[in-house]
Protein chains: 2
Amino acid sequence: MKSKRFDTCCAMNLKQLAESLGLSQTTVSRALNGYPEVSETTRSRVLAAAERVGYRPNTRAKALATGRSMMIGHVIHQSDRHEMLNPIFADFIAGASEEYSVHGYDIILSIAQDGDDERVYRDMAAKGSVDGLILHSPKRDEPRIPLLQEIGLPFVVHGRSSDVTSTYSFVDVDNRRSFQRATDFLSDLGHSRIALINGLEHMDFAHRRRRGYISALEGRGIRPDPALMFSGEMTEAHGFEATRQLLELVHPPTAILSASPITAFGVRRAAESRGLTLGSDISVITHDDDLSYFRNGGDAPIFTALRSSVRIAGRRAAESLIDLIDRPGEARQTMLETDFLIGASTGPAPSAPRLRKA
Amino acid sequence: MKSKRFDTCCAMNLKQLAESLGLSQTTVSRALNGYPEVSETTRSRVLAAAERVGYRPNTRAKALATGRSMMIGHVIHQSDRHEMLNPIFADFIAGASEEYSVHGYDIILSIAQDGDDERVYRDMAAKGSVDGLILHSPKRDEPRIPLLQEIGLPFVVHGRSSDVTSTYSFVDVDNRRSFQRATDFLSDLGHSRIALINGLEHMDFAHRRRRGYISALEGRGIRPDPALMFSGEMTEAHGFEATRQLLELVHPPTAILSASPITAFGVRRAAESRGLTLGSDISVITHDDDLSYFRNGGDAPIFTALRSSVRIAGRRAAESLIDLIDRPGEARQTMLETDFLIGASTGPAPSAPRLRKA
DNA sequence: AGTTCTTACCAAAGCGCTTTGAATGTTGAG
DNA sequence: CTCAACATTCAAAGCGCTTTGGTAAGAACT
């Protein structure tokens, strides 16, 4: 079997291109890659010919020769097929990809099943399939961080990991401050019973949000009430169910902090099904990752929201990673600001909470 | 610069492994790849040693030598940064990935900007970076299909393209029949003014759904009313706005068909803000891709829905593609069934539509 | 005893590229 | 006119793997 399964020669290769020009491979390669030791006349001849025949160097060969794969790995974890697949991911990738493409990188996507984690990362390193990677959805104590440091592959974390003490590169939003601010805002409006419908709190971002919420309450001398704190997957159903339970309390909250716009839709549904109006009977603030397919209204936001674009986070993470690959060294750490958008879903605390109207 | 930017030798390579065993590269390679011309004793020695040192063949080298990259390309298109990034994608990929990993394939993800399409595909082919690819979100007349056929790269379409006459591989849901069935179901319940809040109709799936809707109406002798047909991005806001307009009609619909659960949430919000109850005052059926992060209720679905798991579609597409790469030949075409789940959002047409209650 | 088959291994070529080190022709200084 | 310096170009080695086309040793058959 002299010719491989496929004739690999469908597209012209360097050797053929060189022959067709009566030049050596060396010269053609140098001309294409912008090395100085090529005369300008030859270079333009080469470039023209390459353009004409649509020559693209074979990535695998190039990667093998240079030792760089020009690939970035994105590993997304999936505990089991019933747990939600992070919807954040699509937007993050879109942002990162803009940056990658400028620098000639491509994305390798890998879905790790539970327990598979370590193997996936070690394999990527050993097989040399990526030059660096992005670590998504860090937990409070994220074992993948020391793992990657040991392996020695450049990486940037989207988020942080509170219980990891070593220094690493990350791009994160100041979730703590953001939720503290939102809680303060509600307090200033006279709310004192403020509920939190959080994401899963083993995730670092959710843990930080809760800390922000609690420290704001404590700053006002309010004792956090466990009955007002929920934690779960950020689904519409979870927002609905938590709110339903909250509204059945003897002392229901007058304000709710929601971790995601999807959850917030559930909150609204529960509130409205009780005949409550958002912004007057009950106030709602949500975190909003500014997902492209789930916009919080148009120009006038439906929800008062802490907005931080995941897409921009993706781009910044990509920048840091590429920089880290090119110039290894100290960690690149980026904190992103959240915008605080005042929408129609918040207002002063009602003097006499109007509940169980229905 | 004799040693490349990075010492590539962090992980052991075949040569070193062979030396350490006192064997030739050939034998070790054969032992690892399960060729018969190796004695069982040697093979087990080799496997043990490989396991011990954590040997993983370098993908790039292997790809170069075999002519197969063991990569599948997923190109997702993005017209501009304001258009929504397909949320379907995450689930589809999760399904496909399960199949890929069994066969040793990895995913290369590429986001094509507008106008960039052709270049992205041609580049992938010329650079030899993938063995095949999945075509997402086909339009009614999808130019990428003839393009890929011309390029000669194996591909499977997720969906179909009505205006393309050539034969190609695909995995699709019978959208037409599905929406026809839903419309018939509503008719049987006595509804005659049935609205459609569809996706963007240059997308093939949306176009097919509309055809199903229309042919059901015509089968009942009902003339389709343009005032009852909406088309747009499948956002919550679109569902809300369309429903708001529908409910202001002189002859408002008594039932609504929605293209996505996200849209359906908007429909519900608009209906409920008018004081209408789903299932009694107005019926709603939605298509549901069974996205993991957006479940339609738990055991008892909120919406009556046409459910078809995108994740399963992903897996089937992956199967077809791998099969197509291994044994090129006639097209692999798969039609998936939708489940029709009866939820609480549908009921008999109200005899005297109860509208403008508020 | 010689011949053929098998079995178990190996050296070397090749995948398409980059990069080293050397060779050629051209120019300028001595 | 010679020699060094420079500008261009090239042949060949090497990246880590697979695969071809062997060889050597023993078993099996004449």
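These exercises with worked solutions walk through a predicted model.

**Exercise 1. Confidence and overall form of chain A**

Task: Find how confident the predictor is in chain A, and compare the radius of gyration of chain A with that of a compact globule of 358 residues.

Solution: 
- Start with confidence. The mean pLDDT of chain A is 89. Of its residues, 90% reach 70 or more.
- Residues 1-9 of chain A have a pLDDT below 50. Beyond near neighbours in sequence, this stretch makes six contacts in the model. Where pLDDT is low, the predicted coordinates should not be read in detail.
- Now the radius. Chain A has a radius of gyration of 26 Å, whereas a compact globule of 358 residues would have one near 21 Å.
- Check the extents. The C-alpha trace of chain A spans about 90 × 40 × 40 Å along its principal axes.
- Buried residues account for 47% of the 358 in chain A. Take the chain A contacts between residues at least 6 apart in sequence: 70% of them join residues at least 24 apart.
- Count the elements. Chain A holds twelve helices and twelve strands.

**Exercise 2. Around E3(A)**

Task: Which bridges link E3(A) to strand E1 of chain A and to E4(A)?

Solution: 
- Take E1 first. Strand E1 (residues 71-78) and strand E3 (residues 132-135) of chain A pair in the parallel sense over four bridges. Gly73(A) has Leu133(A) as its bridge partner. Val75(A) stands opposite Leu135(A).
- Turn to E4(A). E3(A) and E4(A) run parallel, joined by three bridges. Leu135(A) has Val157(A) as its bridge partner in E4(A).
- Sort the side chains. In a regular strand the side chains alternate between the two faces of the sheet. In E3(A), Gly132(A) and Ile134(A) point one way, and Leu133(A) and Leu135(A) the other; all are buried.

**Exercise 3. The six-stranded sheet of chain B**

Task: Which strands stand at the edges of this sheet, and which helices pack on its strands?

Solution: 
- The open sheet runs E7-E6-E8-E9-E10-E12 in chain B, with mixed pairing.
- E7 (229-231) and E12 (339-341) of chain B each have a single partner strand, so one side of each lacks a neighbour in the sheet.
- Neighbouring strands are turned by 15° against each other on average, direction ignored.
- Helix H8 (residues 175-188) of chain B touches E6, E8 (255-258), E9 (283-288), E10 (304-307) and E12 of chain B. Its direction makes about 165° with that of E8(B).
- Helix H9 (residues 204-219) of chain B lies across E6, E7 and E8 of chain B. H9 runs at about 175° to E6(B).
- Finish with E6 (residues 194-198) of chain B. It pairs with E7(B) in the parallel sense over three bridges. Asn198(B) stands opposite Ser231(B) in E7(B).

**Exercise 4. Nonpolar cores**

Task: Which residues have the most contacts inside the largest nonpolar core?

Solution: 
- The largest core has 82 residues. Those with the most contacts inside it are Ile72, Leu133 and Ile134 of chain A, and Ile72, Leu133 and Ile134 of chain B.
- Beyond neighbours within four places in sequence, the contacts of Ile134(B) include Ile72(B), Phe155(B), Val156(B) and Leu321(B).
- A second, separate core has 78 residues, among them Ile285(A), Ala305(A), Leu196(B) and Ile262(B).

**Exercise 5. Buried or exposed?**

Task: Is Gly152(A) buried or exposed? How many residues of strand E9 of chain A are buried?

Solution: 
- Locate Gly152(A): the loop between helix H7 (144-151) and strand E4 (155-158) of chain A.
- Count around Gly152(A). There are 11 other C-beta atoms within 10 Å. The cut-off for exposed is 12 or fewer, so Gly152(A) is exposed.
- Turn to E9 (residues 283-288) of chain A. Six of its six residues are buried, so E9 is largely enclosed by the rest of the structure.
- Strand E8 (residues 255-258) of chain A pairs with E9(A) in the parallel sense over four bridges. Ser258(A) has Thr286(A) as its bridge partner.

Methods. Residues are numbered from 1 along each chain as its sequence is written. Chains are lettered from A and ligands numbered from 1 in the order in which they are written. This is a predicted model: local features need pLDDT of at least 70, side-chain atom pairs count only at pLDDT 80 or more; totals for chains, interfaces and linings use all residues. Two strands pair if DSSP finds at least two bridges between them. Helices (H or I, at least four residues) and strands (E, at least two) are DSSP runs, numbered from the N terminus. The radius of gyration is taken over C-alpha atoms; the globule rule is 2.2 Å times the number of residues to the power 0.38. A residue is buried if 20 or more other C-beta atoms lie within 10 Å of its own, exposed if 12 or fewer, and partly exposed in between; C-beta atoms are placed from the backbone. Two residues are in contact if their C-beta atoms, placed from the backbone, lie within 7 Å. Axes are lines fitted to C-alpha atoms, for helices over the stretch in contact, and angles run from 0 to 180 degrees between N-to-C directions. A nonpolar core is a set of buried Ala, Val, Leu, Ile, Met, Phe, Trp, Tyr and Cys residues joined through C-beta atoms within 7 Å. pLDDT is the predictor's confidence in each residue, from 0 to 100.
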